Amino acid sequence: MNIILLGPPGAGKGTQAKNISARYNLVHISTGDILRCAVVNKTALGVRAKSYMEAGELVPDDVVVDLVRERVADLDCKSGFLLDGFPRTVAQAVELDAILKANETEVDFVLNIEVSQDEIVKRLTSRRVCGDCNRTYNLLFEPPRDEDKCNECGTALYRRDDDSEETILNRMKVYYQQTAPLIAYYQRSGKLKNIDGGHAIDEVFADIEEAVCACQN
Ligand code: ADP
Ligand code: ADP
Ligand code: ZN
């Protein structure tokens with residue numbers, strides 16, 4: 001089973017991806033996590049991506065498409081993967097279809113997590129991320145047990161550079177202009193499932209499980 005998670009920044013894609021990949025045994029592929037890791041390690045990919053990410057702009061399509069092409073061809077993806085944060089443009093979605101076809105597989109369905117703009121700003125300004133395992137927390141909605149430390153690995157939490165109010169507004173603009181058209185793209189293929197992301201984390205996950213169950217039948 002191959003799933004795409006779609007939704008604006010802060011919708012809860014990363015949070016739900018952890019639940020979904022554990023529940024259905026899928027490889028979690030987050031282009032944002034891969035790019036942030038590349039930036040920290042100052043690899044060629046990271047050097048290329050850094051300024052776009054800091055400004056809340058999308059990294060060029062060819063860069064992320066190459067990255068995903070390599071990752072989904074890995075052996076561990078054969079039994080199913082969950083794409084989180086990719087595709088983000090119609091051009092990326094078209095490329096993805098071709099990549100998957102070449103790997104003799106396809107997207108089974110797309111979970112589109114919907115949340116209001118007010119909720120997005122509230123969630124992102126209070127988001128904290130583990131510097132080691134990438135687990136996400138929220139000072140308002142999902143605080144760590146120990147202030148500023150990851151529950152799972154004890155590493156210090158940090159605030160993403162692009163989670164400043166100004167950059168959040170630009171990311172939302174970029175989302176509505178460049179990513180939201182994907183909703184119609186996947187609706188046309190009959191693969192889209194809308195999920196109300198405005199509820200508590202476990203309620204949203206329960207709705208996702210229900211949608212996945214309906215898709216499997
Ligand atoms: P995305 O990957 O879509 O940007 P995240 O999963 O990182 O979103 O979630 C954004 C922030 O909101 C995080 O701090 C996370 O802990 C919090 N969050 C996620 N889902 C919910 C929810 N249903 N209710 C409240 N806060 C949430
Ligand atoms: P969020 O959790 O807020 O939705 P991500 O962690 O998915 O954000 O992405 C962070 C940044 O990484 C984006 O603002 C963008 O600069 C870059 N990025 C991630 N995925 C893609 C993609 N598929 N295409 C282009 N840029 C991407
Ligand atoms: Zn951690």
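1. Conventions. The model is predicted, so local features need pLDDT of at least 70 and side-chain atom pairs count only at pLDDT 80 or more, while totals for chains, interfaces and linings use all residues. Residues are numbered from 1 along each chain as its sequence is written, chains are lettered from A and ligands numbered from 1 in the order in which they are written, and side-chain values use heavy atoms, with hydrogens and water left out.

2. Helices here are DSSP runs of H or I with at least four residues, strands are runs of E with at least two, and both are numbered from the N terminus.

3. Polar atoms at ligand 2. In the side chain of R171, an N or O atom is 2.4 Å from an oxygen atom of ligand 2. The side chain of R36 has an N or O atom 2.9 Å from an oxygen atom of ligand 2. T31 places a polar side-chain atom 2.8 Å from a nitrogen atom of the ligand. Of the 560 Å² of accessible area that ligand 2 has on its own, the protein covers 96%. Accessible areas come from the Shrake-Rupley method with a 1.4 Å probe, and for residues only the protein chains shown count as cover.

4. Surroundings of ligand 1. The shell around ligand 1 has 19 residues, with G10, T15, R127, Y137 and H199 the closest. At least two residues of this shell come from each of α1 (13–24) and β6 (136–138). The shell divides into seven nonpolar, eight polar and four charged residues.

5. Polar atoms at ligand 1. A backbone N or O atom of H199 lies 2.8 Å from a nitrogen atom of ligand 1, and a backbone N or O atom of I201 lies 3.5 Å from a nitrogen atom of the ligand. R123 contributes a polar side-chain atom, 3.4 Å from a nitrogen atom of ligand 1. Ligand 1 taken alone exposes 560 Å², and the protein buries 94% of that.

6. Zinc site. The zinc ion, ligand 3, has the SG atoms of C130, C133, C150 and C153 as its protein donors, lying 2.3 Å from it. Donors are N, O and S atoms within 2.8 Å of the metal (3.2 Å for Na, K and Ca); water is not among the atoms, so sites may look incomplete. Along the chain the donors follow the spacing C-x2-C-x16-C-x2-C. The arrangement is tetrahedral because the four donor atoms subtend angles of 96 to 122°; four donors count as tetrahedral if all angles lie between 85 and 135 degrees. The ideal angle for four tetrahedral donors is 109.5 degrees. C150 is buried, at 4% relative accessible area, whereas C153 is partly exposed, at 35%. Buried means under 20% relative accessible area, exposed over 50%, and partly exposed in between (1.4 Å probe, protein chains only).

7. Loop between β5 and β6. R135 sits in this loop and is buried, with a relative accessible area of 18%. Its side chain is joined to that of E152 by a polar contact of 2.8 Å. A polar contact is a pair of N or O atoms within 3.5 Å; within protein, one must be able to donate a hydrogen and the other to accept it, and residues adjacent in sequence count only if both atoms are side-chain atoms. N134 is in the loop between β5 (127–130) and β6 as well, and is partly exposed at 26%.

8. Backbone points to check. Most residues other than glycine have a negative phi, and most peptide bonds are trans. N134 has a positive phi of about 70°, and N25 has a positive phi of about 55°. N25 lies in the loop between α1 and β2 (27–30) and is exposed, at 63% relative accessibility. The peptide bond from F86 to P87 is cis, with omega near -5°. P87 is in the loop between β3 (81–84) and α5 (90–102).

Key. Four donors count as tetrahedral if all angles lie between 85 and 135 degrees; four count as square planar and six as octahedral if opposite donors are over 155 degrees apart and all others between 65 and 115; anything else is irregular. A residue is near a molecule or strand if one of its heavy atoms lies within 4 Å of it. Ala, Val, Leu, Ile, Met, Phe, Trp, Tyr, Cys and Pro count as nonpolar, Asp, Glu, Lys and Arg as charged, and the others, Gly among them, as polar.
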